[in-house]
Amino acid sequence: SGIDLDAPGASFTPVAKSPAPWINLAANTLPQLGNLSPEKWEGLAIGPRLADGGYLILAGTDNDYSVTQNASGVQFDVYFNFLTGQRLECALGVACAPASEPWSLLPGVLHAYLTTAGDAVMARYVAPVPEPAAATLALTGFALLFLAGGRKRSGRT
C-alpha cells in the first residue's frame, strides 16, 4: 500500500498477541487425515451468536495436500489411506496406489470451532449489519421510481 509505518509522525497501534492461540489452526486436529494441517487456510467465517452466548467459527481449506512438491520443485499427487493413516506420493496424474486398499486424494477440509459466552476475544466481536433482503431493495427501488414519476407529472402542470 506504500504506507511507511516507521515514517516520522506515523501513528499506529501495534497488534497485541496473547501467548496462547485463540484458535490454533495449525494444530494437529485432523487425526482422520493423518494429523495434517493444511499449508494455508482459504476462508474463515463467524456465525451468528448461539443461544448459549457463544459463536460457531468455521475455517476452511481446499485440498492443497493432494499435491505437494519436493525440494527440486517436482510435484506429486498425494494419496491417503483413511483406514491406516498412510500417505503415498505418486507422479502427477499417475495412480500408483494399490487398488486393494481404499486410497484417495485428500479432500478439502472444514473445521468447526465453538466459542464460549465468556470468550474474551469474542466479547469484543461486533457482528456485521446484514444487508437488506432482496424484497426490501425491490420495494425501495419501486418507491424511488414512483417518486421520480410523481415529480415529472407535477412539473408538467
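Two strands are taken to pair if DSSP finds at least two bridges between them. In this predicted model, three strands form an open sheet on that basis, in the order β1-β2-β7. The pairing is antiparallel. Strands β1 (43–49) and β7 (109–114) stand at the edges. Each has a single partner strand, so one side of each is left without a neighbour in the sheet. Neighbouring strands are turned by 20° against each other on average, direction ignored. Strands of a sheet pair through backbone hydrogen bonds, either parallel or antiparallel. Here, strand β2 (residues 55–61) and β7 pair in the antiparallel sense over six bridges. Within this region, Thr61 stands opposite Val109 in β7.

The structure holds one disulfide. This bond joins Cys90 to Cys96, with an S to S distance of 1.6 Å. The torsion about the S-S bond is about -75°, so the disulfide is left-handed. The two cysteines were also examined for accessibility. Cys90 has 2% relative accessibility and therefore counts as buried, the cut-off being under 20%. Cys96, at 38%, counts as partly exposed.

Asn81 belongs to strand β4 (residues 75–81). Its relative accessibility is 1%, so Asn81 counts as buried. Residues up to four places away in sequence aside, Asn81 touches Gln86, Glu101, Pro102 and Trp103.

How values were computed. Residues are numbered from 1 along each chain as its sequence is written. This is a predicted model: local features need pLDDT of at least 70, side-chain atom pairs count only at pLDDT 80 or more; totals for chains, interfaces and linings use all residues. Side-chain values use heavy atoms; hydrogens and water are left out. Helices (H or I, at least four residues) and strands (E, at least two) are DSSP runs, numbered from the N terminus. Buried means under 20% relative accessible area, exposed over 50%, partly exposed in between (1.4 Å probe, protein chains only). Contact means heavy atoms within 4.5 Å. A disulfide is a pair of cysteine sulfur atoms within 2.5 Å. Axes are lines fitted to C-alpha atoms, for helices over the stretch in contact, and angles run from 0 to 180 degrees between N-to-C directions.
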